[in-house]
Amino acid sequence: MYTLRDAIHNRYSTKAFDPNKKISDSDIDLLKQALRLSPSSTNVQPWHFVIASTEAGKTQVAKSTQENYKFNEAKVLNASHVVVFAAKQNIDDAHLDKVLAKESADGRFEKGSEVEAQMNNGRRYFVGLNQTSDEAIKAWTGKQVYLNLGQFLLSTALLGIDSVPIEGFDAEILSNELGLTEQGFDALAIVALGYRDEGDFNAKLPKSRLAIDNIITEI
């Protein structure tokens, strides 16, 4: 594993993966926990993930990279694993009840307690603020998924695993191909994971970011 200093300096968007190098099962198990334990507003967890590690699975995901996004096909097919990040299209009572029940089972409060009522009412309040239209709730759930995505990318870097987040794909094709639409989810992003190919040009280039004093104000 890397230190945080190493991880943030070594991480980059991998443009070419070595198809012969595979991520260990133990590292994949850790990354699954990173997905599961990510923060979200009011702990609403409005997400679902599809992990493709087989050739058949990656081929399914790669169907969404055809035509306008052909340049991303090899990244998907040559990666060790590919993770599809999807967001709920709306937050219904069944989902809110499921989250509350799991919190109770995990010991965050006693069932039927005042704390349980406060948690339930608070979460429903914020969901209500953001569920004023289909567009509004999708924007809000999408933000939660991207919180998860950020934690996931850092997690891969800490494990010394290369990755690239991908938005260049046909979300409608992918959502339908994986049965996400019928489950009430929209595919938002793909992350291809693995180990860089020696010929990856981007691995040899220096990082380029705006200076600290351009982006941070201390008060």
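## Overall architecture

Of the 219 residues in the protein, 41% are buried, in a model that is predicted. The protein holds nine helices and four strands, and these follow one another along the sequence in the pattern α-α-β-α-α-β-α-α-α-β-α-β-α. The C-alpha trace spans about 60 × 45 × 35 Å along its principal axes.

When contacts with a separation of 6 or more are considered, 80% of them are accounted for by residues 24 or more positions apart.

Helix α3 comprises residues 55–62, and its buried residues are Gly57, Lys58, Val61 and Ala62. These residues cover an arc of only 140° around the axis, which puts them on the same side of α3.

The elements that cover the buried residues of α3 include the strands β1 (47–52), β2 (81–88) and β4 (185–194), together with the helices α4 (73–78) and α8 (171–177).

## Helix α5 and its packing

Glycine 107, which follows α5, has a positive phi, near 90°.

## The crossing of α5 and α6

Two packed helices are described by the angle between their axes and the distance between the axes. For α5 (residues 93–105) and α6 (residues 114–130), the axes come within 11 Å and cross at roughly 145°, and the crossing is right-handed. On the α5 side the contact is made by Asp93, Leu96, Asp97, Val99, Leu100 and Glu103, while α6 contributes Glu116, Met119, Asn120, Arg123, Arg124 and Val127. Sorted by class, the residues of this contact are five nonpolar, one polar and six charged.

## Threonine 141 in helix α7

Threonine 141 lies in helix α7, which covers residues 134–158. Its relative accessibility is 0%, and threonine 141 therefore counts as buried. Leaving aside residues up to four places away in sequence, threonine 141 touches Pro46, Ala87, Lys88 and Ile91. For one of these, lysine 88, the C-alpha atom is separated from that of threonine 141 by 6.4 Å, although the two residues are 53 residues apart along the chain.

Notes
Residues are numbered from 1 along each chain as its sequence is written. This is a predicted model: local features need pLDDT of at least 70, side-chain atom pairs count only at pLDDT 80 or more; totals for chains, interfaces and linings use all residues. Side-chain values use heavy atoms; hydrogens and water are left out. Buried means under 20% relative accessible area, exposed over 50%, partly exposed in between (1.4 Å probe, protein chains only). Helices (H or I, at least four residues) and strands (E, at least two) are DSSP runs, numbered from the N terminus. The arc is that of the directions from the helix axis to the C-beta atoms. Contact means heavy atoms within 4.5 Å. Axes are lines fitted to C-alpha atoms, for helices over the stretch in contact, and angles run from 0 to 180 degrees between N-to-C directions. A crossing is left-handed if the near helix is turned anticlockwise from the far one by less than a right angle, and right-handed if clockwise. Ala, Val, Leu, Ile, Met, Phe, Trp, Tyr, Cys and Pro count as nonpolar, Asp, Glu, Lys and Arg as charged, and the others, Gly among them, as polar.
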